[in-house]
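Let's take a walk through this model together. Have the sequence and the 3D view open while you read.

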Amino acid sequence: MSSPAATRTSHPDWVKLPHAEAGNRIGIFGGSFNPPHSGHRAVAMTAMKRLKLDQVWWLVTPGNPLKDAADLAPLDKRIHMTSALADHPRMRVTAHEVVLGTPYTAETLKRLCRKRPDLNFVWIMGADNLASFHRWQDWRTIMDSVPVAVVDRPHASLSVLFAPMAQTYGYARIDEGDAVILPHLAAPAWTFLHAPLDGNSSTELRKRQTT
Ligand SMILES: Nc1ncnc2c1ncn2[C@@H]1O[C@H](COP(=O)(O)OP(=O)(O)OP(=O)(O)O)[C@@H](O)[C@H]1O
Ligand SMILES: O=C(O)c1ccc[n+]([C@@H]2O[C@H](COP(=O)([O-])O)[C@@H](O)[C@H]2O)c1
């Protein structure tokens, strides 16, 4: 029998992988959430409804590899604020990348798919990230590992036509009217979801905090 010390973990609860039943449709919504805002909640709700997800996991990054960490709030503070915003029975908040030891999405998804091959994962992101997706580490590996749902964002709508990802994987895009089947499709597969636009941004909120 293992002793309490042997089962104790040094990680706080908020880095754990959320519970899910085999076969569940899980949207993974990665973000800095520095701070979280209404636009994030709108993205999570849109994906949840249109893809009929069982859960959305808000994956709070330890640090976006492409962003300057100088004005990044501490992880526990971002988790706390994100948990307040993601208060919904089908949403969970985690910083599981701390356990995986990586801030890179390709590696994260590889490890999650290995840990839970019984779940149907979908990567969720806003259209601004579609525009710059080709700069992410091993972005083609991401596309080849899980389906992707892109949600429209002000000033980024044209990424659906011109982004290198959209052009390279044009053949794998499905109509947003068929979005409900996305979690069950083999990668590569993606869709672009038009939804009411929300102009909020963390950059603007940080500017307002400092003025
Ligand atoms: N208003 C919005 N509409 C649609 N998608 C959004 C919106 N805000 C953020 N997102 C998406 O949510 C995810 C997390 O975004 P992030 O935490 O970087 O917020 P942000 O407002 O873009 O932050 P920053 O201004 O610091 O870059 C990303 O996939 C991003 O594309
Ligand atoms: O893997 C990468 O190279 C990579 C580059 C940029 C962003 N990401 C991830 O994209 C998600 C959204 O990041 P952000 O900062 O736009 O909220 C978050 O989970 C980041 O870790 C990942």
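## Ground rules

This is a predicted model, so keep the cut-offs in mind: local features need pLDDT of at least 70, side-chain atom pairs count only at pLDDT 80 or more, and totals for chains, interfaces and linings use all residues. Residues are numbered from 1 along each chain as its sequence is written, while chains are lettered from A and ligands numbered from 1 in the order in which they are written.

## The chain as a whole

The chain has 10 helices and six strands; these are DSSP runs numbered from the N terminus, with helices being H or I of at least four residues and strands being E of at least two. Its C-alpha trace spans about 55 × 50 × 30 Å along the principal axes. The radius of gyration is 17 Å, which agrees with the value near 17 Å for a compact globule of 211 residues. That quantity is taken over C-alpha atoms, and the globule rule is 2.2 Å times the number of residues to the power 0.38.

Of the 211 residues, 37% are buried. Here, buried means 20 or more other C-beta atoms within 10 Å of the residue's own, exposed means 12 or fewer, and partly exposed is in between, with C-beta atoms placed from the backbone. Among contacts with a separation of 6 or more, 79% join residues 24 or more positions apart; a contact means C-beta atoms, placed from the backbone, within 7 Å.

## The annotated domain

UniProt, in an unreviewed entry, puts "domain: Cytidyltransferase-like" at residues 28-207. UniProt positions follow the numbering used here, feature names are shortened, and annotations may be inferred rather than shown by experiment. Over residues 28-207 the chain is 36% helix and 16% strand, with the end C-alpha atoms 28 Å apart.

Most residues other than glycine have a negative phi, and most peptide bonds are trans. Look at the loop between strand 1 (25-31) and helix 2 (38-50), where P35 sits: the N34 to P35 peptide bond is cis, with omega near 5°. F33 is in the loop between strand 1 and helix 2 as well, and has a positive phi near 50°. With 24 C-beta neighbours inside 10 Å, F33 counts as buried.

There is also a cis bond between A187 and P188, with omega about 0°; P188 is in the loop between helix 9 (164-168) and strand 6 (190-193). D138 has a positive phi of about 50°, and is found between helix 6 (127-132) and helix 7 (139-143). D138 counts as partly exposed because it has 15 C-beta neighbours inside 10 Å.

## Around the ligands

Ligand 1 has 18 residues around it, with G31, G39, G126, S202 and T203 coming nearest; a residue is near if its C-beta atom, placed from the backbone, lies within 6 Å. Helix 2 gives the most to this shell, three residues. Strand 4 (120-126), helix 6 and helix 10 (202-210) each supply at least two. By class, the shell has four nonpolar, 11 polar and three charged residues, where Ala, Val, Leu, Ile, Met, Phe, Trp, Tyr, Cys and Pro count as nonpolar, Asp, Glu, Lys and Arg as charged, and the others, Gly among them, as polar.

And which residues are closest to ligand 2? They are G30, G31, S32, N64 and W136, out of 16 that surround ligand 2. Strand 1 and helix 5 (105-115) each supply at least two residues of that shell, which divides into seven nonpolar, eight polar and one charged.

Note on methods:
Two residues are in contact if their C-beta atoms, placed from the backbone, lie within 7 Å.
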